[in-house]
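Thanks for coming. I will go through one structure, starting with the overall picture and then moving to single residues. Please keep the display open while I talk.

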Amino acid sequence: MESIGVRDSPVEARTESEDILEQRALTSTLNSLLVYGKAAHYNLTKPRLAALSRLPERHQELLTPFYTDHLAAIDRAIDINAEFLRLVARYGVNEFEAPQDLREWEGATSFQVDQTRSSVKQIYRDWSAEGATEREICYGRIIRALNKLYIPERRSQVRVLVPGAGLGRLAYDIACEGYVSQGNEFSYHMLILSNFLLNHTTSEQQFTIYPFLHSFSHVSTAANQLRAIRIPDKCPATFHTSTATNFSFTAGSFTDIYSKVQDEADRWDVITTVFFLDTAHNVLEYIDVIYQALKNSEGTGYWINFGPLLYHFEEEQNSSSISSAGMATDSPNGISIELPLDYLISTVEKCGFEFEILETGIKSTYAADERAMGNWVFDSVFWVARKK
C-alpha cells in the first residue's frame with residue numbers, strides 16, 4: 001500500500017517567525033513522546049512508593065508485597081508504552097522534517113506530556129478491537145448514514161471531508177467504503193501518531209500498549225489496570241490495498257484551509273464531524289466554513305455530525321482576568337462561544353442547513369475503560385443536515 005501523505009495546509013506562506021513557532025510546536029510534541037517514560041515513572045509510581053514508605057509499619061505490612069509488586073508491574077508497562085512512543089517519535093522526526101540534533105528541540109511542557117498520556121488511550125479507542133464498541137456508536141452511525149446516501153457504484157466519485165480526524169480511523173474507514181476521503185487535523189500529537197499507525201504498521205496486533213495504567217481511580221482490579229491492548233486491529237498496509245489512492249490527510253487549521261475553497265470542483269459532497277464542534281472557540285465559524293466547503297448540487301452538500309457539547313475553551317472564558325478598573329479582559333487565546341443544543345440547532349438552520357435526521361440523547365463515551373468502576377457518559381446529538 002502506498003504511503004498516505006500528510007500535506008501542509010494550502011494557505012499563504014508562513015513568515016520566518018511563524019516557521020520558528022511551528023518548529024517549536026513540532027519538536028516539543030516529539031519531545032513529549034520521548035520523555036513519556038521518565039515522566040510516567042516520576043508522576044505515577046515514584047510518589048506512591050514514597051507515600052507507602054511514610055505509612056505506619058502495620059499498614060505497610062498489609063500492603064506488602066501486593067502494592068509494591070503492582071507498582072513494579074506498572075513500571076514495566078510504562079517501559080513498554082515508552083518504547084512504542086519512542087519508535088513513533090523516530091518516524092516523526094524524519095517525516096515531519098524535525099532537526100536531527102535534539103539540542104535544537106523545544107522542551108516538552110507538562111500539558112504536552114499529559115496529551116501524550118491521553119493519546120495512548122485514544123489509540124486504544126481508534127485502533128484496537130476493544131475500542132470497536134465505542135467506535136460503533138459514533139463512527140458506525142456516521143458510515144451507515146453515509147452509505148444510505150450513496151450506492152456503492154457511485155462512491156468513488158463522492159468526496160468526504162473529516163475535520164478533526166484525530167488518529168485517522170474514521171477517515172480511513174470511510175475510504176475503505178470506497179469514498180474519496182480526506183482527514184484534517186491540527187494537533188501534532190494526532191498527526192505524528194496517525195502518520196505512524198497509517199503508514200508504518202505492517203501487521204494486525206503488531207504492538208502492545210497499556211492505556212489504563214495512568215489512572216488509579218475507579219479501578220476494579222489490578223489486572224484491569226494493567227490490561228494489555230494489541231494494536232492495530234486493522235492494518236492499513238494489508239487490509240485494503242487500494243485505499244491510499246482515495247485517502248489523504250491535511251495538516252493545519254480547519255478554518256484556515258477550508259474557508260478558502262472557491263471552485264465547486266474542490267468542494268466536498270459530504271463533511272463528517274465527530275466530537276468536533278465543541279473544539280471551536282467560535283462554533284459559528286465552524287458552521288460557516290462547513291457551509292462554504294460543501295457542494296451545492298443535487299445529491300451533495302451533506303453534513304453528518306455526532307458528538308456532545310463539552311466546549312473545550314469554556315474554562316478559559318470562565319477564568320478571564322479582571323482589570324484594575326473592574327472590567328473583564330480577554331483571555332490570551334481569544335473567545336469561547338458555548339451554545340446550548342437547542343440554540344445550536346436553530347443556528348445551524350439559520351446558517352442555511354435543513355435537517356434530514358436529528359437524534360438527541362445518544363449515550364456515548366470517549367476512550368472509556370469499559371471495565372472501570374466509573375466513566376463519563378455523554379448524551380450526544382446526531383444529525384444529517386443538507387445545505388440548502
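How many helices and strands does the secondary structure of the chain come to? The count is 14 helices and 10 strands. Please keep in mind throughout that this is a predicted model.

So, confidence. The average pLDDT for the chain is 91, and 90% of the residues score at least 70. Residues 321-332 have a pLDDT below 50, and in the model this stretch has 10 contacts beyond near neighbours in sequence. Where pLDDT is low, the predicted coordinates should not be read in detail.

Now some totals. The chain has 388 residues, and buried residues make up 48% of them. Take the contacts between residues at least 6 apart in sequence: 78% of them join residues at least 24 apart.

Next, helix 12. Which residues of helix 12 are buried? In this helix, which covers residues 283-293, they are V283, Y286, I287, V289, I290 and A293. Looking down the axis of helix 12, the buried residues fall within an arc of 165 degrees, so they line one face of the helix. What lies over them? The cover for the buried residues of helix 12 includes helix 11 (254-258), strand 7 (270-274) and strand 8 (302-307). Helix 14 and strand 9 (353-364) are also among the elements that cover them.

L284 belongs to a surface feature. Together with I335 and I337, L284 makes a nonpolar surface patch of about 220 Å². I335 is in the loop between helix 13 (314-318) and helix 14 (341-350). Is I335 buried, partly exposed or exposed? Its relative accessibility is 44%, so I335 counts as partly exposed.

Helix 13 also holds E315. E315 counts as exposed because its relative accessibility is 57%. Between E315 and S336 there are 21 residues of separation in sequence, and their C-alpha atoms are 9.1 Å apart in space.

On to charges. The count of salt bridges comes to 15.

E177 is partly exposed at 33% relative accessibility, whereas R155 is buried, with a relative accessible area of 9%.

The next pair is D269 and K295, a salt bridge in which the closest N and O atoms are 3.5 Å apart. D269 sits in the loop between helix 11 and strand 7, and K295 in the loop between helix 12 and strand 8, so this pair ties together parts 26 residues apart in sequence. Are D269 and K295 buried or exposed? Both D269 and K295 are buried.

Then there is D379 with K363, a salt bridge at 2.6 Å, N to O. D379 lies in strand 10 (residues 378-387) and K363 in strand 9, so the parts that the pair ties together are 16 residues apart in sequence. D379 is partly exposed, with a relative accessible area of 48%, and K363 counts as exposed at 53% relative accessibility.

The network of salt bridges links R135, R169, D173, D233 and K234.

Two more residues, briefly. Where is Q112? Q112 is in helix 5, which runs over residues 110-127. Q112 counts as buried, at 11% relative accessibility. Setting aside neighbours within four places in sequence, Q112 is in contact with A25, S28, T29, S32, G107 and H189.

A237 lies in helix 10, residues 236-239. With a relative accessible area of 31%, A237 is partly exposed. The C-alpha atoms of A237 and S203 are separated by 7.4 Å, and the two residues are 34 apart along the chain.

That is the tour.

Note on methods:
Residues are numbered from 1 along each chain as its sequence is written. This is a predicted model: local features need pLDDT of at least 70, side-chain atom pairs count only at pLDDT 80 or more; totals for chains, interfaces and linings use all residues. Side-chain values use heavy atoms; hydrogens and water are left out. pLDDT is the predictor's confidence in each residue, from 0 to 100. Contact means heavy atoms within 4.5 Å. Patches are made of residues with over 30% relative accessible area and no salt bridge: like charges are joined within 9 Å, nonpolar side chains (Val, Leu, Ile, Met, Phe, Trp, Tyr) within 5 Å. Accessible areas come from the Shrake-Rupley method with a 1.4 Å probe; for residues, only the protein chains shown count as cover. A salt bridge is a side-chain nitrogen of Lys or Arg within 4 Å of a carboxyl oxygen of Asp or Glu. Helices (H or I, at least four residues) and strands (E, at least two) are DSSP runs, numbered from the N terminus. Buried means under 20% relative accessible area, exposed over 50%, partly exposed in between (1.4 Å probe, protein chains only). The arc is that of the directions from the helix axis to the C-beta atoms.
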